[in-house]
Every structure is written in structure tokens, then in C-alpha cells.
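Reader: I'd like a close look at one part of this one, please. Show me the model first, and then I'll say where to zoom in.

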Amino acid sequence: MDYYIRIGEVCVPVSEEIYKVYCQGARKERYFREGDRRNRTLFYDALDTEELKGSEIFSDPDATSVEEAAEKNCLLEALKGEVEKLNRNEKELLCRLYVYGDSLRALAREKHIPVTTLQSRHKKLLERLKKKLE
């Protein structure tokens with residue numbers, strides 16, 4: 001006896017073993033679909049059209065992708081490691097500017113240092129961190 005499996009419009013000849021495995025899989029799929037109908041389960045692919053996939057109807061185009069989030073987390077971990085390597089004065093400068101929101105001018109007054117000196121230190125520090133993160 002010859003065994004065939006229909007793929008699209010073509011009947012492909014297969015062995016008896018492959019035919020039986022295929023039929024078991026087809027029956028199992030039908031069983032799950034029947035259960036889904038009884039339980040009134042709806043899958044996104046049931047909403048597919050030629051122009052749009054059903055899952056895209058509910059997606060948020062403004063949401064951060066998994067890849068972007070992973071890349072951001074890797075960069076944050078690397079930045080954290082580099083900041084830990086800084087000396088006390090460099091850490092304080094970054095903390096005062098970015099955590100507490102102090103201005104360079106106010107910090108310069110408090111430390112009795114020219115603003116241009118703090119600007120230069122700040123710029124060099126950011127360039128050094130950027131170079132290490134690239």
C-alpha cells in the first residue's frame with residue numbers, strides 16, 4: 001500500500017511509519033482545536049489578515065524592544081563598573097551633578113574652584129567613561 005501526505009496541492013509519497021506519525025500529529029492538533037472551541041479560547045493568529053498579523057493589533061509600537069532593553073542593561077552594568085573604579089572626587093562630581101542636580105557653578109563656589117576647571121574635569125571624565133564603554 002502506498003502512503004501520501006498532502007502538502008498544499010501536492011501529494012508527497014512517504015513511508016508507512018511517517019504517515020502514521022503525521023496522522024497522530026494531525027489528530028492531536030484537531031483535539032486541541034476542539035478543546036479551544038469548547039473553552040472559547042481565541043488565539044491572535046485567528047485575527048490574521050493579509051495586511052496585518054493578529055498579534056500586531058495588540059502590540060505597542062512605542063514599547064522598548066527586548067533587544068534594546070538588554071543592550072541598555074548591559075551598558076548600565078558596564079557604566080556601574082566603570083563608576084566604581086573612579087576616585088572619590090570624580091564620583092562626588094558625578095553624584096552632585098547627576099544625582100543631586102547641582103550646577104557646576106554652585107559646586108565651584110562651594111569647593112572654591114574656578115568653574116572652568118570643574119567644566120574641564122567634568123568633560124574629561126565623561127569622555128573617559130564614554131571611551132571605556134565603546
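Predicted model: local features only at pLDDT ≥ 70, side-chain atom pairs only at ≥ 80, totals over all residues.

Leaving aside its neighbours within four places in sequence, which residues is E82 in contact with?

Author: Once you leave out the neighbours within four places in sequence, E82 is in contact with L129, K132 and L133. E82 itself sits in helix α3, which covers residues 66-84. Is E82 buried or exposed? Its relative accessible area is 14%, and because the cut-off for buried is under 20%, E82 counts as buried.

Now follow L129, one of the partners of E82. L129 also turns up in another contact, as part of the α6 side that meets α4. Helix α6 runs over residues 115-133, and helix α4 over residues 88-99. On the α4 side you'll find E90, L93, L94, L97 and Y98. Facing them from α6 are L118, R121, H122, L125, L126, R128 and L129. Sorted by type, the residues of that contact come out as eight nonpolar, one polar and three charged.

As for the geometry, the two helices pack at an angle of about 100°, and their axes are 11 Å apart. Angles from 65 to 115 degrees count as roughly perpendicular, and therefore so do α4 and α6.

For contrast, hop over to Y22, which lies in helix α1 (residues 16-38). With a relative accessibility of 42%, Y22 counts as partly exposed. Not counting residues up to four places away in sequence, Y22 touches I5 and R6.

In secondary structure, the protein comes to six helices and two strands, and read along the sequence they follow the pattern β-β-α-α-α-α-α-α. Among contacts with a separation of 6 or more, 31% are accounted for by residues 24 or more positions apart. Finally, the protein exposes about 11700 Å², and carbon and sulfur atoms supply 54% of that area.

Notes: Residues numbered from 1 in each chain as written. Heavy atoms only, no water. Axes fitted to C-alpha atoms, helices over the stretch in contact; angles between N-to-C directions. Helix = DSSP H or I, 4+ residues; strand = E, 2+ residues; numbered from the N terminus. Parallel < 35°, antiparallel > 145°, perpendicular 65-115°, else oblique. Contact = heavy atoms within 4.5 Å. Nonpolar A, V, L, I, M, F, W, Y, C, P; charged D, E, K, R; others polar. Areas by Shrake-Rupley, 256 points an atom, 1.4 Å probe, with all protein chains shown as cover. Buried < 20%, exposed > 50% of the residue type's maximum accessible area, 1.4 Å probe, protein only.
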